[in-house]
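Please open the model in your viewer and keep the selection panel at hand. The stops below go from one selection to the next, with a short account of what is found at each.

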Amino acid sequence: MTKPHLFSTDAHKYRSFLAKGLHSPSFVIGGAITLFFVVLALVSFVWTPHDALSVNIAERLKPISTTYWLGTDHYGHDLFSMIMLGARNSIAVALVAVGIGACLGVPLGCWAAAKGGWLDEAIMRTGDFIFAFPAIISAIMITALAGPGAINAIVAIGIFNIPVFARLARGAALSLWTREFILAARLSGKGSVRITIEHILPNIANLLIVQGTIQFSLGILAEAGLSYVGLGTQPPMPSWGQMLSEAQTWLMMAPQLAIIPGMAIILTVLGLNLLGDGLRDMLDPKIRSSLDIGGSKAS
Amino acid sequence: MMKSARKWAVAFSMAATLVTAGSTSAAWAARTDIVLGVRLEPPHLDPTAGAAAAIDEITYANIFEGLTRIDEHGAIKPALAESWTISADGLTYDFKLHEGVKFHDGTDFDAEDVVFSLDRARGEDSVNAQKALFEPIDSVVAKDKYTVEMTLKRPTGAMLFNLGWGDAAMVAPESAETNKTNPVGTGPFKLEKWVKGDSITLIRNDAYWGQPAKLEKATFKIVADAAASLAALMAGDVDAFPIFPAPEMLPQFENDPRFKVVIGTTEGETILATNNGVKPFDDVRVRKALAYAINRQSLIDGAMFGYGTLIGSHFAPHNPAYLDLSHVYDYNPEKAKELLKEAGLEDGFKARLFLPPTDYARRSGLIIASDLKKVGIELELINVEWAQWLSNVFKGKDYDLTIISHTEPLDIGIYARDDYYFNYKNEEFKAIIAKLNATADEAERTELLHQAQKKLNDDAVNGFLFQLAKTGVWNAKIKGLWANAPIQANDLTAVEWMD
């Protein structure tokens, strides 16, 4: 009985997994776009071309130039610096929200799968209940009740990620619980917590990672939506959704104010979706075997 | 063959007639209806029971009238009172009312209605938002059917102006309680229908006592969104926005011959209201530092796109008693830092800035936060809705700073009120206002008003940012709409379409 692993501990096989990935165009393009925005976000902590928060009316609505790489907005804010800060906010909010969803959802789903019975029912029906609400409307409701702000946006988006991960984890785990290697592990005296950590989680990790990237892109969209209606990141801290809503009245005179943050949102979401697609192709056992990626398979 | 040719000819001429009829009818008769865009829906339509400007913007001079009225330039004109005499001591006013005036419900307007309206407005259980206007009145008596005698507790120079406010509208005892939903006034228009959330339609009152309105129908359409306002005007769904919400869009109309952009003055002193009752804003040096640290010209350019006038106190520049103090605190961040150092705050401090949901406030807030950051003051911007602003800031006084435009005319007296949200409790200023209230002589009043403006400027009570401009956009063929807003109103009595 080999212990199944997604990523083989064998360094050679791991490298070969990445090498295969480089042949997948969606993985490469999606990864590159995502990496670009992540780097932008990280660099913004130490450096931006201009102070993105400093108003300079004399320099407002400047076109694209070597000084202002993407021009300036109606307050004289440098758009490129704002995009960088916006990337940081979007990524931070989406990442933490997905983190909340995964950290709570996955254990709940695994717990439901391991125990079954009324506990399973209770967890999953609660999940269905949350799921049945249109997520963005409920997020608006939560931020309207708790007050607007990035933290509340994170919580609101995070809550709706919980059932997504719980469902996925439970479904995948349930099918594993009937497998022989799990049975063997049980016979050898392992408890359900240990089995879940040692056998179930490594085998559903690929599914969770793919779902994670998709949820991440949805989180970025949700953050942009909330900020657009004024419930997400609060000014003066810029965010892409806020920039879009500010640009509305300028559509005729300075369309770039809307186009630039709009493109940033589109590109990030596209990048993450392509990345998710690429990862799924690489991790899907059926396709994986045809790609002949190393690493032992489950069972 | 012949027959069919004739048929064609007939059809052709008929079509031609239709086409010409269509085009000429528009040229012959000017339109008699108008659609005005307004940003906010009024909570109700009783101007004597609410502070919302949106009420007066629909009812003033259109549905309700008072004894006097304010015209486009802020002058006092007779309305339901055709004339008046004031006793030499300034305490007794005799109003001669117009005869034959009827309310929309057909009842007569007479001296008893005046007594009722003014007693109701200043009574103990009055819900009038401007009760202070009527405070100097001692008694109102009907001498005969068309004569009213009003006695004051002390001479009050602004009394005739006060009676011209929308809050001093004349109402009938029979309908006063239902005016909120079914306003019954004496004006040239009456309410036809109110579609909640969408529009309010007025139609001409054919039984009007004075010069009848030229328009037959006026619709106030509620358009909350700036981008939608632009689209509505461009598409012709709305004929006029007396107050267009987004000044940055005005250049698009200026270049379009179909529209007229009219920039006028308002009574709106836009201020950075400062809670004088909390630390560190109780220190005049800190308030002065704020005044020096804010670049107000760039604020007008950045937030209002150049539409606005610098002010230095709580007083409208177009008023004859205006004293120009707008350059006392010119932008000087170094001086601001010095003053903060004197006040022992050289390391800066943090404060909360509450921003109500208007573009001028939200935009100014962002610019002020950036300016103040340069002198070490870190502002937390808190966007609030109107209800929250009214309860937390205005009533609860739980704030450090907020940005708001005070649009009531001649409202410098609010600084003498202990209960007002500025928490400015200054005996010297109160004495000036008390003296002003007791003075009827115009020259003396001007001198006292100068003193009052100077005192507020010396104490830098609030950040006096700019006088809000009235940025109106309307169809170039409309004439008679007010360019200025000396009072919250959209007076439609003289509005008509030109050919």
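Contact is used here for heavy atoms within 4.5 Å. Bear in mind throughout that this is a predicted model.

**Stop 1: the two chains together.** Select chain A and chain B, and colour the residues where they meet: by that criterion, 16 residues of chain A are in contact with 21 residues of chain B. The area buried between chain A and chain B comes to about 1600 Å², with 63% of it contributed by carbon and sulfur atoms. On the side of chain A that touches chain B, the residues fall into nine nonpolar, six polar and one charged. How many salt bridges are counted between chain A and chain B? The count is zero, although three residue pairs are in polar contact across the interface of chain A and chain B, both residues of each pair being at pLDDT 80 or more.

**Stop 2: an annotated span in chain A.** Now select residues 87–276 of chain A, where an unreviewed UniProt entry places the feature "domain: ABC transmembrane type-1". This span is 84% helix and 0% strand, and the C-alpha atoms at its ends lie 19 Å apart.

**Stop 3: a salt bridge in chain A.** Show the side chains of R125(A) and E121(A), which meet in a salt bridge with an N to O distance of 2.9 Å. Both residues belong to helix α4 (residues 117–132) of chain A, and because they are four residues apart in that helix, about one helical turn separates R125(A) from E121(A). Over all chains, the structure holds 40 salt bridges.

**Stop 4: the domains of chain B.** Colour chain B by its domain assignment, which gives domain 1 as 33–39 + 183–264 + 470–497, domain 2 as 65–173 and domain 3 as 268–468. Keep domain 2 and domain 3 of chain B in view; their centres, taken over C-alpha atoms, are separated by 33 Å.

**Stop 5: where domain 2 meets domain 3 in chain B.** Select the eight residues of domain 2 of chain B that are in contact with six residues of domain 3 of chain B. These two domains of chain B bury about 630 Å² between them, 65% of it on carbon and sulfur atoms. The side of domain 2 of chain B that touches domain 3 of chain B is made up of four nonpolar, three polar and one charged residues.

Terms used:
Residues are numbered from 1 along each chain as its sequence is written. Chains are lettered from A and ligands numbered from 1 in the order in which they are written. This is a predicted model: local features need pLDDT of at least 70, side-chain atom pairs count only at pLDDT 80 or more; totals for chains, interfaces and linings use all residues. Side-chain values use heavy atoms; hydrogens and water are left out. UniProt positions are given in the numbering used here, feature names are shortened, and annotations may be inferred rather than shown by experiment. Helices (H or I, at least four residues) and strands (E, at least two) are DSSP runs, numbered from the N terminus. Domain bounds come from an automatic or database domain assignment. Buried area is the accessible area (1.4 Å probe) that two parts lose on being put together, summed over both. Ala, Val, Leu, Ile, Met, Phe, Trp, Tyr, Cys and Pro count as nonpolar, Asp, Glu, Lys and Arg as charged, and the others, Gly among them, as polar. A salt bridge is a side-chain nitrogen of Lys or Arg within 4 Å of a carboxyl oxygen of Asp or Glu. A polar contact is a pair of N or O atoms within 3.5 Å; within protein, one must be able to donate a hydrogen and the other to accept it, and residues adjacent in sequence count only if both atoms are side-chain atoms.
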